[in-house]
Amino acid sequence: MILGRLAVVGLGPGSAVWRTPEASARLAGATDLVGYGPYLALVPELTPPPVRHEFDNREEATRAQFGLDLAARGRDVVVVSSGDPGIFAMATAVVEELHRADDGRYRGVEVSIVPGVTAASAAAARVGAPLGHDFCCLSLSDVLKPWAVVEQRLEAVAGADLVVALYNPISRHRPWQLGRAMEILGGYRSPSTPVVLGRDLGRTGEAVQVTTLGALDIADVDMRTVVMVGSSTTRAFKDVDGHTWVYTPRAYPEAPS
Ligand code: SAH
């Protein structure tokens, strides 16, 4: 017997054109929306209006539990995430909560994850194809993992010559970490390596900037920015109309034998 259901929905970076039809359909049928305030604000007015349950950004486990409890009471719940819900977002908290609750509390609740366009794809699309070869996503936040682990990963990523998309690059409480990350990457890559800053992608005030590892000004980055640092093969150029493109060729030079 199905009681209620819960979907963790990726809203995409912002605007509705970057939202999948599946995400919009789940939102349209929901009785309850659960999420961090600024993400709920990305959801348009719906008729009939669902109940909006607003949470603080740090209360992920509480949010997940709250959503699942509502669904267990027969509601049609959508937990919202920006971008893709599986990338540094709410899908994990919900699946973790399902794993933890082994007492049958959520029996009969249908849970699904609805994917979305992640910030790195959105930024890449704006400038061309910087993620065309191997790449990785790394969160610079040390709220949920020790900073030493972040540094270790940055070293590994730099050593492996991967393009890297940095999420959660900076915040009021984490002012110096991005500078340190650039120092580590700069130890392996040339100052001319292209760097893409995508801010408020798909939202009002969107700003995309192409710079280099050597010229990057940390002051241009905030928590609504995704920072992409190229690999040794990433190239940037201006076309005849003055638009700057960034791409990473699919083919990688052969290692000298
Ligand atoms: N689930 C989200 C990521 C959440 S982590 C996704 O898949 O995109 C939050 C970080 O994502 C921010 O600090 C920022 O680095 C990035 N981000 C999310 N939305 C963004 C947007 N519209 N424009 C630029 N960066 C964004």
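Which residues does Ala122 touch, not counting residues up to four places away in sequence? Some notes on that and on the rest of the chain follow.

1. Ala122 touches Pro13, Trp18, Val117 and Leu201, where a contact means heavy atoms within 4.5 Å. This alanine is found in helix H5 (residues 119-127); helices (H or I, at least four residues) and strands (E, at least two) are DSSP runs, numbered from the N terminus. Ala122 is buried, with a relative accessible area of 1%. Buried stands for under 20% relative accessible area, exposed for over 50%, and partly exposed for what lies in between (1.4 Å probe, protein chains only). Pro13 is 109 residues away from Ala122 in sequence, yet their C-alpha atoms are 7.2 Å apart in space.

2. A word on the basis of these values. This is a predicted model, in which local features need pLDDT of at least 70 and side-chain atom pairs count only at pLDDT 80 or more, while totals for chains, interfaces and linings use all residues. Residues are numbered from 1 along each chain as its sequence is written, and side-chain values use heavy atoms, with hydrogens and water left out.

3. Now the overall fold. The chain has 7 helices and 13 strands. Its radius of gyration is 20 Å, close to the 18 Å that the globule rule gives for 257 residues, so the chain is as compact as a globular protein of that length. That radius is taken over C-alpha atoms, and the rule is 2.2 Å times the number of residues to the power 0.38. Of the 257 residues, 45% count as buried. Residues 24 or more positions apart account for 69% of the contacts with a separation of 6 or more.

4. On to the aromatic rings. Rings of Phe, Tyr and Trp (its six-membered ring) pair if their centres lie within 6.5 Å; planes under 30 degrees apart count as stacked, over 60 as edge-to-face and the rest as tilted. By this rule the count comes to 5 aromatic pairs. One of them joins Tyr36 and Tyr39, edge-to-face at 5.1 Å centre to centre with 85° between the planes. Tyr39 is partly exposed, at a relative accessible area of 22%.

5. Phe88 is partly exposed at 43% relative accessible area, whereas Tyr167 is buried at 10%.
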